[in-house]
Amino acid sequence: MSQYEAAFSPIAQSDPQKAFVIAQLGQSLDGRIATVTGASRYINGPAALDHLHRLRAEVDAVIVGVGTVIADDPQLTVRRVEGATPVRVIIDPHGRAPAEARCLTDGFGPVIRVTCETSSCAATSADVITLPLYGNAFDPHQIVAALMQRGLRRLLVEGGARTVSSFIAARALDRLHVLLAPIIIGSGKTGLNLPPISTLTHALRPRMQAHPLPGGDVLLDCDLRSTP
């Protein structure tokens, strides 16, 4: 097994009785995922996109926030590598996902919306999980548990930054793949925004392996289970 292939082994070797949650984040060297105008295509190169599609092919479901659906209209399918498209899951507390969104209309497989009981989509769609809101957000652990009840165990949290950050803050991730692109943007939206800490003793320090990819991107494979 090559060093790069080893980055996928935790998914395949995960405990079949437990959920395994991995997140992927593509960003610039200075931690930006978009410019000040929101432009983000394409910060990462082709090899990083191949990696993302490989991750999708390895999991049972891919999770995104509704903000990503509105801003980027992603398909969330497997196209660049061999493999099946996972179940697409949209975290959509207030039923904001556009009815014409590609992932809702392309017919490539099931789509689940995670929403609250008062949302309009709870009344109009059969593919819905309703959960309680805490403030204006869901508990990531409850999302994972609800998907596990549907037989969806291996989960990829793909975006956006707010969704990935919420899963990290809740300690609901096993693994984090950060794709660093050889580009400095200098301003714009940052990839991760976690609750503030007072000292570096509270910083997360996961075990990490770095894997250079063709074209200059670097995969940082972070084991979040190793953090105190």
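With a relative accessible area of 47%, Arg225 counts as partly exposed (buried means under 20% relative accessible area, exposed over 50%, and partly exposed in between, with a 1.4 Å probe and protein chains only). Its partner in a salt bridge is Asp223, with the closest N and O atoms 3.3 Å apart (the criterion is a side-chain nitrogen of Lys or Arg within 4 Å of a carboxyl oxygen of Asp or Glu). Asp223 has a relative accessibility of 8% and is therefore buried. Through shared partners, salt bridges join Arg175, Arg207, Asp221, Asp223 and Arg225 into one network.

The model is predicted: local features need pLDDT of at least 70 and side-chain atom pairs pLDDT 80 or more, whereas totals for chains, interfaces and linings use all residues. Residues are numbered from 1 along each chain as its sequence is written, and side-chain values use heavy atoms, leaving out hydrogens and water.

The whole structure contains 13 salt bridges. One of them joins Glu5 to Arg54, with closest N and O atoms 2.9 Å apart. This pair links distant parts of the chain, since Glu5 lies in the segment before H1 and Arg54 in helix H2, 49 residues apart (helices, H or I with at least four residues, and strands, E with at least two, are DSSP runs numbered from the N terminus). Glu5 is partly exposed, at 31% relative accessible area.

Arg54 also lies over the face of Phe8, 3.9 Å from the ring centre (the CZ of Arg or NZ of Lys must be within 6 Å of the centre and within 35 degrees of the ring normal). Phe8 is buried, at 3%, and belongs to the 1 aromatic pair found in the whole structure. The ring centres of Tyr4 and Phe8 are 5.5 Å apart and their planes stand at 85°, so the pair is edge-to-face (rings of Phe, Tyr and Trp, the last by its six-membered ring, pair with centres within 6.5 Å; planes under 30 degrees apart are stacked, over 60 edge-to-face, the rest tilted). Tyr4 is partly exposed, at 23% relative accessibility.

Helix H2 itself covers residues 46–58. Its buried residues include Ala47, His51, Leu55 and Glu58. Among the elements covering them are helix H1 (9–12), strand E1 (20–28) and strand E7 (154–159).

The side chains of Arg154 and Asp60 meet at 3.3 Å, N to O. Arg154 in strand E7 and Asp60 in the loop between H2 and strand E3 (61–65) are 94 residues apart.

Technical notes: The expected span of a helix is 1.5 Å times one less than its number of residues. Contact means heavy atoms within 4.5 Å.
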